[in-house]
Amino acid sequence: MTALPDPPPARRLGLVIDLDTCVGCQACVVACKEWNGGGHPGPLADLEPYGSRPAGTWLNRVHGFEVGEGAAGRTVYFPRSCLHCENALCVTVCPTGASFKRAEDGIVLVDEAKCIGCGLCAWACPYGARELDPASGVMKKCTLCVDRIGDERLPAEDRVPACVAACPARARHFGDLGDPESAVARLVAERGGVELLAELGYRPTNRYLPPRPGRRLAADGDRLEDAPAEGGFLGWLDRLLGD
Amino acid sequence: MRPAPSLLLFTTLSGAGYGLLAVWALLGLAAVLPAEPRAGLVGLGPALVAIAAGLFASRFHLARPERAWRAFTQWRTSWLSREAVAAVATFAPALALAAGWSLESRIPAAAALLAAAGAALTVLCTGQIYATLVPIPRWHQPLTTPVFLALALASGLVLAFALAAASGLDPGLPGLLALAVLPLVWGLKVLWWRLGDRAPPRVTAAAAIGVPDRGPARPIEPAHTAGSWLLDETGFRVARRHAAKLRRLALLFGGASPWSLVAVGLATGGGARIVCGLAAVLSLALGLAIERWLFFAEAKHTAAVWYGERAV
């Protein structure tokens, strides 16, 4: 059923992504593709993987941006995947009931047996988080690795989405954002986690932690020092050798 | 947004078909058209064929068309599902009207009213599908649905004029109505274009990567070097360079030319009127094709900001 759960789920599973520590290594992208290619939403198509125009379906993409000017400028890597919105328009526009939001934890999923591949949900998503798989003809999206996070056979530390497990910079965190006492909720409170494009009204669950201000010098020239004029061995040598 | 041929065909053909169905049903109800079998069939036949052809074309937009029946289930939340239900449900009164008119030489009032209402409702649903898409600002505005309804009505009136003229029925009223409605319809469309042009962008690249207040953001490393379905679907932008020219062509072929041809057709008669009617329909079809192509091709999706668009 494409109606959103009412009332909204109290449990809000999602990701907290730290833009300060993300180094843009794409490990989460590859881990996501690897796990989900064989897991719940798999297979994920790869068309012409060795040809001149390779294409395929991915549930997570990392974009590299430069923000700000001059000394204030910095690189920001932005990992983009489903934000599991509370007001998920992608769910309500679905004509078949394939797209749904789980009442128990708020995860937005696609029932692939019902999807007709009309693509309207992808149009309705402002974050571009859905891709139509060209091989199976159904919509694919991040599942928060539902086949991992609830699998009791896995050791507890592995019951996190593949992207979180793979991140070498610990920039990705997984948990219940509906519980103010959870580790992820505290992290969001401490660091001023951003609700991405809040003005569009989708009420996303995922949060992005903004880059820290950083220790910046006024200009790089300040760090290259001349030999101290007042003395010392280098000062003496400098004077001895003249101009 | 990518202008998919299936969607262009569906929205223009079905829109015209529903417009004609409504116009013909109401003209019959008002006794402007005679309750004779032939008079019913010359209008309702083409209307139902256009609707069915449009619906058939929409099938090609689905990656899994064999499951299309599922689209009738979610009418409580989805405008696309409502459109599917309304489109098919309208066939019942439309066929009842056609049967009464062509088999029993009477125009059942309830069927005529329901067919016209169903036609309007279906086109309204079509408009709402686009008007409710928040990530596409050019579509997400209050006039989008009225424009769809207006263009369907104009198509219906021009078609009704041409069909009445070609079959020896009195094309006076549909012709005059077409002359009155065409300028209003395209005036509304011009206003829709202007409002879309003037709307300030809601999403900047800097906001879209979570750092809205540290200056502008420039993409330096693409997320992927290969293409993607999403980029094909939302990254279409070739039309914007030619938008002004294409808008003028749409106004010429969809508005000015059919208006003049209907006017000349009304002033003349016989063979000349039939030729004018046919030419008006062909010209309107070309104008609507350009208008609808531009409707998709010109619209930006917020997802483009991660791929180099500065603001949407």
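**Two chains and their contact**

In this predicted model, the contact between the chains draws 53 residues from chain A and 49 residues from chain B. On the side of chain A that touches chain B, at least two residues each come from strand S4 (61-67), strand S5 (74-80), helix H2 (89-92), helix H3 (120-124) and strand S8 (131-132) of chain A. The element that gives the most is S4(A), with 7 residues. Sorted by class, this side of chain A holds 33 nonpolar, 12 polar and 8 charged residues.

Towards chain B, S4(A) is joined by 4 bridges to strand S1 (residues 217-221) of chain B, and the two strands run antiparallel. Two pairs place this arrangement in the sequence. Phe65(A) stands opposite Pro219(B) of S1(B), and Val67(A) has Ala217(B) in S1(B) as its bridge partner.

Within chain A, S4(A) pairs with S5(A), also in the antiparallel sense, over 7 bridges. How enclosed is S4(A) by the rest of the structure? A residue counts as buried when 20 or more other C-beta atoms lie within 10 Å of its own. Of the 7 residues of S4(A), 5 are buried, so the strand is largely enclosed by the rest of the structure. As a general point, the side chains of a regular strand alternate between the two faces of the sheet.

Chain A also contains an open sheet of 3 strands in the order S10-S1-S11, with mixed pairing. Its edge strands, which pair on one side only, are strand S10 (172-176) and strand S11 (207-209) of chain A. On average, and ignoring direction, neighbouring strands of this sheet are turned by 25° against each other. Strand S1 (residues 13-18) of chain A runs antiparallel to S10(A) and is joined to S10(A) by 5 bridges. In this pairing, Ile17(A) stands opposite Arg172(A) of S10(A). Helix H6 (residues 183-191) of chain A packs on the sheet and touches S1, S10 and S11 of chain A, with a direction at about 120° to that of S10(A).

In chain B, helix packing can be followed through two pairs. Two packed helices are described by the angle between their axes and the distance between the axes. For helix H1 (residues 5-29) and helix H5 (residues 109-131) of chain B, the axes come within 8 Å and cross at roughly 155°. Angles over 145 degrees count as roughly antiparallel, and H1(B) and H5(B) are therefore roughly antiparallel to each other. The crossing of H1(B) past H5(B) is left-handed. On the H1(B) side the contact includes Thr11(B), Gly15(B), Tyr18(B) and Leu21(B), and on the H5(B) side it includes Ala112(B), Ala116(B), Ala119(B) and Val123(B). Taken by class, the contact of H1(B) with H5(B) has 14 nonpolar, 5 polar and no charged residues.

The second pair is H2(B) with helix H4 (residues 91-103) of chain B, whose axes come within 8 Å and cross at roughly 155°. H2(B) and H4(B) are therefore also roughly antiparallel to each other, and H2(B) passes H4(B) in a left-handed crossing. From H2(B), the residues that meet H4(B) are Pro37(B), Gly40(B), Leu41(B), Leu44(B) and Leu48(B); from H4(B), they are Ala94(B), Leu97(B), Ala98(B), Trp101(B) and Ser102(B). This contact of H2(B) with H4(B) divides into 8 nonpolar, 2 polar and no charged residues.

Ala68(B) lies in the loop between helix H2 (37-59) and helix H3 (79-89) of chain B. Is Ala68(B) buried, exposed or partly exposed? Ala68(B) counts as partly exposed because it has 17 C-beta neighbours inside 10 Å. Neighbours within four places in sequence aside, Ala68(B) is in contact with Ile116(A), Arg59(B) and Leu62(B). Ala68(B) and Ala87(B), 19 residues apart in sequence, have C-alpha atoms 13 Å apart in space.

Note on methods:
Residues numbered from 1 in each chain as written. Chains lettered and ligands numbered in written order. Predicted model: local features only at pLDDT ≥ 70, side-chain atom pairs only at ≥ 80, totals over all residues. Buried ≥ 20, exposed ≤ 12 C-beta atoms within 10 Å, placed from the backbone. Contact = placed C-beta atoms within 7 Å. Axes fitted to C-alpha atoms, helices over the stretch in contact; angles between N-to-C directions. Parallel < 35°, antiparallel > 145°, perpendicular 65-115°, else oblique. Left-handed = near helix turned anticlockwise from the far one by under 90°. Nonpolar A, V, L, I, M, F, W, Y, C, P; charged D, E, K, R; others polar. Pairing = 2+ DSSP bridges.
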